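My plan is to look things up one at a time and write down what I find.

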Amino acid sequence: MAVTERVENYPGFPEGITGFELADKMKRQAAQFGADLREITGVVSLEQRTGGWLVVTDEETVTARAVILSPGVEARKLGVPGEAEFMGRGVSYCATCDGPLYRDKEVVVIGGGNAAVEEGMFLARFASTVHVVHRRDALRATAIAQERAFAQPNMHFVWNSVVRRIVGETKVEAVDYEDVLDGSQHTLPVSGVFFYVGQLPQTDFLRGVAELNDDGYIVTDNHLRTSRPGLFACGDARAGLIKQIANAVGEGALAAIEAERYLDALDFEARQTSAGVAAPARPADTNL
Amino acid sequence: MDAVTQDTFKAEVLDAPGKVLVDFWAEWCGPCRAVEPVLGEIAERNPGVRFVKLNVDENPQVAQSLEVMNIPTLLAFEGGQLKKRIVGALSKPKLVEELADWLA
C-alpha cells in the first residue's frame with residue numbers, strides 16, 4: 001500500500017489519497033490506541049510454546065498468546081539476465097519511489113496488469129516515453145485504467161513480447177526483447193526498467209508452521225484461523241480472492257475480534273481449571 | 001540529520017576529510033521515511049561520522065552525477081571517495097551489517 005501512488009478505491013477518501021499518506025494515517029491511529037509498532041523489521045521464525053507463540057524478529061524475541069499474521073506480498077522478480085545486476089542502477093520495482101529520477105528519460109514497464117498500467121501512468125508524468133512490454137496482445141488491467149493509458153500520448157505499447165535481457169555497462173542502457181509471434185529480436189534503449197510481473201506472498205518463514213496453499217498463501221477458515229491454534233491471518237498473503245486495501249482492513253478487524261475471542265476462551269478455561277473440579281457445577285458459572 | 005544541497009555537496013561531502021554518509025531521499029518516497037529514524041539511531045552511536053541527507057527532487061544534478069536511480073540510496077564517503085552504495089530500505093540489523101566495514 002505504501003508504495004501505491006494513488007489509492008482511489010478506499011472508502012472515505014473521495015478525492016483519493018496517496019498510499020503513503022493512508023499508511024501513515026493508519027499507523028498514527030493504531031499508535032494512538034496503544035499499538036506498539038516495529039518498522040522495517042522482518043520475522044525470522046515463529047514457534048509454538050506452551051501457552052502461546054515465540055516470534056523471533058531480526059531484532060528481538062517476542063512472546064504472545066495469539067498472533068495475527070499479515071506479512072503481505074512483494075514484487076515478483078522476472079529472473080532475466082541483468083535484473084539482479086542492475087538493481088539500483090536502473091532496475092526498479094517501485095515507480096512511486098524512483099519514477100521522478102527518470103525525468104525526460106525513456107523507461108520500460110514490464111507487465112500488463114493494473115499495477116503495470118497505473119504505475120506506468122505515474123512514470124509518464126516524468127519520463128519522456130514509457131514503453132509497456134507485455135507478453136500478450138491485450139492488457140489485464142481494468143477498462144478504466146486501459147482507457148487512460150491508451151489516451152496517454154507518451155505511453156507506447158509493445159505487444160506479444162517478452163524481455164530476455166537487460167543490457168548496460170555500469171547502469172541500464174537497453175532491454176533486449178523477443179516478439180513471441182515471429183521470434184524476432186529487438187532492442188529498446190531505455191534508462192529504467194520497472195517490473196510489474198505479479199506478486200509473491202512473503203510467507204517463507206511460515207513453511208512447516210502453518211498450512212499454505214500451492215502458491216504459498218496462508219490457508220484460513222472463515223474466522224481467519226490458520227491450521228494452528230492462536231495463529232490468525234489476514235491481508236494480501238492470506239489465500240483469498242480480493243487483493244485490496246479495503247478488504248485487507250476488513251480482514252484485519254475480523255482477525256482482531258477472533259483473536260480476542262480466542263484469548264477470552266483461554267482465560268475462561270484457565271479460571272475454571274484454577275477453581276477446581278467443582279467449579280462448573282456452581283450456579284453462577286452456568287450463567288456465563 | 002543536516003541537509004546538503006548541490007551548492008554545498010562539494011564542500012560538505014567531497015572535500016570533507018572524514019567519513020560522510022549521504023541519504024538520498026524525497027518527500028514522496030515512503031521507504032525513505034521509514035529508513036530515516038533507523039539512520040538517526042546509527043548516527044547517534046557513531047558520533048565521529050557525519051550523516052547528511054540530500055533531497056533528490058531539489059538537487060537532481062547531484063543524484064544524476066552519482067548515478068542514484070533508486071531511492072532511498074545511501075552513499076558512504078571517506079575523504080571524498082565513494083566507498084559504499086546501499087540501495088533500498090533495509091532493516092536496522094541489515095543496515096548496521098552493511099555499514100560495519102565502513103564505520104569500523
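**Where the chains meet**

I began with the contact, which takes 23 residues from chain A and 22 residues from chain B. I count two residues as in contact if their C-beta atoms, placed from the backbone, lie within 7 Å. Next I asked which elements give two or more residues to the side of chain B that touches chain A. They are helix H2 (30–45), H3 and helix H4 (92–103) of chain B. H2(B) gives the most to that side, with four residues. I take helices (H or I, at least four residues) and strands (E, at least two) as DSSP runs, numbered from the N terminus. By class, this side of chain B has 15 nonpolar, four polar and three charged residues. Here Ala, Val, Leu, Ile, Met, Phe, Trp, Tyr, Cys and Pro count as nonpolar, Asp, Glu, Lys and Arg as charged, and the others, Gly among them, as polar.

**Ground rules**

This is a predicted model: local features need pLDDT of at least 70, side-chain atom pairs count only at pLDDT 80 or more, and totals for chains, interfaces and linings use all residues. Residues are numbered from 1 along each chain as its sequence is written, while chains are lettered from A and ligands numbered from 1 in the order in which they are written.

**Chain A as a whole**

I looked up the make-up of chain A: six helices and 15 strands. Its radius of gyration, taken over C-alpha atoms, is 24 Å. Along its principal axes, the C-alpha trace of chain A spans about 80 × 40 × 35 Å.

Then I checked the domains, whose bounds come from an automatic or database domain assignment. Chain A has domain 1 (1–35), domain 2 (46–75 + 200–270) and domain 3 (91–197). The centres of domain 1 and domain 3 of chain A, taken over C-alpha atoms, are 27 Å apart.

**Cores**

How much of chain A counts as buried? I found 29% of its 288 residues. A residue is buried if 20 or more other C-beta atoms lie within 10 Å of its own, exposed if 12 or fewer, and partly exposed in between. A nonpolar core is a set of buried Ala, Val, Leu, Ile, Met, Phe, Trp, Tyr and Cys residues joined through C-beta atoms within 7 Å. The largest has 63 residues. Val109(A) and Ile71(B) are among those with the most contacts inside it. A second, separate core of 15 residues includes Leu212(A) and Ala259(A).

I went back to Ile71(B). Its peptide bond to Pro72(B) is cis, with omega near 0°. Pro72(B) lies in the loop between helix H3 (60–65) and strand E4 (73–78) of chain B. Glu67(B) lies in the loop between H3 and E4 of chain B. Its phi is near 55°, a positive value in a residue other than glycine. Is Glu67(B) exposed or partly exposed? With 14 C-beta neighbours inside 10 Å, Glu67(B) counts as partly exposed.

Asp104(A) has 9 C-beta neighbours inside 10 Å, so it counts as exposed.

Conventions
The radius of gyration is taken over C-alpha atoms; the globule rule is 2.2 Å times the number of residues to the power 0.38.
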